[in-house]
Amino acid sequence: MPAPKWLIVAKNEYRIHTSSMRSLRRIFPYIAVGLLAVYVVFLAPAIFSYFFDDFTAFIITQAAAPTVQLVLFMLFFYFIIFPITNTLREEQTDQLEIFLAAPVKPSDVLLGEFLGVMPFYGIVVVVLAGSFTALLTPLGLDLAQIVITIAVFCLTFFSALWIGTVTAAILRSKLGKSARGKDIGKALAMIIALPLVAVMYALLGGGLLSTLTNPNISGIVRTVLNLIPSSWGAEVFVHFASNPGNILAVGWAPFLFFGGLSAFFLAVLFLGVKGANRAYSLETTSFTASRAKPDGVFYQVVRILGGSDSFGTLLVSLFKDYGRRLENLSKIIYMVGLLIVLNLFLIDPTNPEGGLVMMQFILPLLSVFIVGEVTLRGKGSLFIYKKAPSGVGRLVKARLLKGWLIVMPISLIAVVATAVTNPAGVLSFMLFSIGMLMSTVAASVAFVLGLFLLNPAFSDKSGNYMVNIMITMQVLPIGTFLVPMIIFRTILQLSLYDALLYFTVPFSWILGILILYLGKRRLSRIE
């Protein structure tokens, strides 16, 4: 009897995800199970024993239920968006073309993909369930309560994973039919995570936990979140933690929530299989031609800033190439949203220096998103400029000017917004902070451009891309900001003004110009 088609797809998906460890493919499940068992039985209880007293005091408060609901909702939402973002960022369609040539139903493909990645997501689920169980077990939960707690985690997160898998497949099917659709998909992959980031920052530093201690607010939050299945599991946890060892202390409520969660999992599994055959197709990609339009006022201004000659034309072409990709615009939207979230939840209005430090670490990431794509289009686009007279120098100059024209206005708005919302700040400090940050941001644009030319990243999935991001977000602000803060303020007893003015700004520019020069030389020699 031939194996079911979904099982064949699942095995193929598992092989793809373990292709980098072929020699360990057969024993990988046993190694994973063994390590997870050690974590759940020994490590998790030892680690979370330090937090048990605080957790015990917290679980009986008014904020316990809505907080647990919010945490589970965040994890539930993450398990939904993770396969969506992974799929929308992926451009390869080789696997789909293989299935297209075979008599395989879309539902078999989806179910196979879901089961193929389930072991890897299962590791995360077991770690989460083991950690939470390690917190609850010392309360005195009986075996039935522990088993139901683990089952709640599995049902909640695997249902979210299935919803994300089906949604990702439908989006890939609809958006993947054209190059524009693929671009929209990549843009969505970037922006879709922003609400999750906002909720996380609100929990960490936005005072949301203290707000939930208000009975009226916590009641409203619980009512809204109870519409989401992940909250049903949170209700089970809170009931068990409040009544350890007595599963019927609150009647049949935990069983009703658990039953509703089980029914939800079966329902989404059934609807996903049925809906996939109708909404998800394995059609090949089609291509459409774009129609050029006359330059608008914005591009005319950019051309004037570039000198209204051939360099101005080059600058306009770089702006058009950047702006026509929605993926690039989504990165700008993501950074603007992130800056708004930071201003709302993490930056203390009464601590102007704290906002200054935060901006020093965040704004360089904006430079990465804007000028870091200089090599992402591949070597071919760089060779075009190498063959032109003075092509390398003109390209670097145009990329640098384009970066300043985009990064500087956004950074200025963010810095001014942070400064004017500070009631404790004086005008001189506000003006000094704005001027200093804008100068270091301009230097960071030169640094990032040179870094990506010195260490080219021809794909945003490459190791070089991640290394460049880490250098930009850690080495640059630490070397040019935190080090002078320690040396000049702690050892030499200088003021913040002197430390930033005499070291941070000059060294940022020296480092930026040096890396840009080395990057330009590397581009001239690239083969």
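Me: Which residues does asparagine 468 touch, leaving out those up to four places away in sequence?
Reply: Asparagine 468 touches Leu451, Phe452, Asn455 and Ala457. Keep in mind that this is a predicted model.

Me: OK, and which of its contacts is a polar one between side chains?
Reply: The side chain of asparagine 468 makes a polar contact with the side chain of asparagine 455, at 2.9 Å.

Me: Where does asparagine 468 sit, and is it buried or exposed?
Reply: Asparagine 468 lies in helix 21, which covers residues 463-491. It is buried, because its relative accessible area is 0% and buried means under 20%.

Me: How far is its C-alpha from the one in phenylalanine 452?
Reply: Those two C-alpha atoms are separated by 7.0 Å, while asparagine 468 and phenylalanine 452 are 16 residues apart along the chain.

Me: Let's zoom out. How many helices and strands are there in the protein?
Reply: The secondary structure comes to 22 helices and zero strands.

Me: And how much of the protein is buried?
Reply: Of its 527 residues, 44% count as buried. The protein exposes about 26,100 Å², and carbon and sulfur atoms supply 70% of that area.

Me: What share of the contacts comes from residues 24 or more positions apart?
Reply: Among contacts with a separation of 6 or more, residues 24 or more positions apart account for 81%.

Me: Now helix 7. What caps its N-terminal end?
Reply: Aspartate 142 does: one of its side-chain oxygens lies 3.3 Å from the backbone nitrogen of alanine 144.

Me: How does the span of helix 7 work out?
Reply: Helix 7 has 33 residues, 143-175, and at 1.5 Å a residue they should span 48 Å.

Me: What about helix 12, how many of its residues are buried?
Reply: Helix 12 is mostly covered, with 12 of its 14 residues buried. Among them are Pro229, Gly233, Glu235, Phe237 and His239.

Me: What span should helix 12 have?
Reply: The 14 residues of helix 12, 229-242, should span 20 Å at 1.5 Å a residue. The end C-alpha atoms are 21 Å apart, which agrees.

Me: Switching to rings: how many aromatic pairs are there?
Reply: The count comes to 17 aromatic pairs. One of them joins tyrosine 78 and phenylalanine 79.

Me: Why does that pair count as edge-to-face?
Reply: The ring centres of tyrosine 78 and phenylalanine 79 are 6.2 Å apart and the planes are at 85°, so the pair is edge-to-face. The cut-off for that label is an angle over 60 degrees.

Me: What does tyrosine 78 form with phenylalanine 82?
Reply: Tyrosine 78 and phenylalanine 82 form a tilted aromatic pair, 5.6 Å centre to centre with 40° between the planes. Both lie in helix 4, residues 64-89, and they are four residues apart, about one turn of the helix.

Me: Which residues do ring pairs link into a cluster?
Reply: The cluster takes in Tyr78, Phe79, Phe82, Tyr121, Phe132, Phe153, Phe157 and Phe237.

Me: Which lysines lie over the face of a ring?
Reply: Lysine 320 lies over the face of tyrosine 299, at 5.5 Å from the ring centre. Lysine 397 lies over the face of phenylalanine 311, at 4.7 Å from the ring centre.

Me: Last one: where is serine 131, and what does it touch?
Reply: Serine 131 is in helix 6, residues 106-136. It touches Tyr39, Ala44 and Phe48, not counting residues up to four places away in sequence.

Me: What lies 2.7 Å from a polar atom of its side chain?
Reply: That's the backbone oxygen of valine 127. Serine 131 itself is buried, with a relative accessible area of 11%.

Definitions and conventions. Residues numbered from 1 in each chain as written. Predicted model: local features only at pLDDT ≥ 70, side-chain atom pairs only at ≥ 80, totals over all residues. Heavy atoms only, no water. Helix = DSSP H or I, 4+ residues; strand = E, 2+ residues; numbered from the N terminus. Buried < 20%, exposed > 50% of the residue type's maximum accessible area, 1.4 Å probe, protein only. Polar contact = N/O pair within 3.5 Å; in protein donor to acceptor, adjacent residues only side chain to side chain. Contact = heavy atoms within 4.5 Å. Phe/Tyr/Trp six-rings, centres within 6.5 Å; stacked < 30°, edge-to-face > 60°. Lys NZ or Arg CZ within 6 Å of the ring centre and 35° of its normal. Expected span 1.5 Å × (residues − 1). Areas by Shrake-Rupley, 256 points an atom, 1.4 Å probe, with all protein chains shown as cover.
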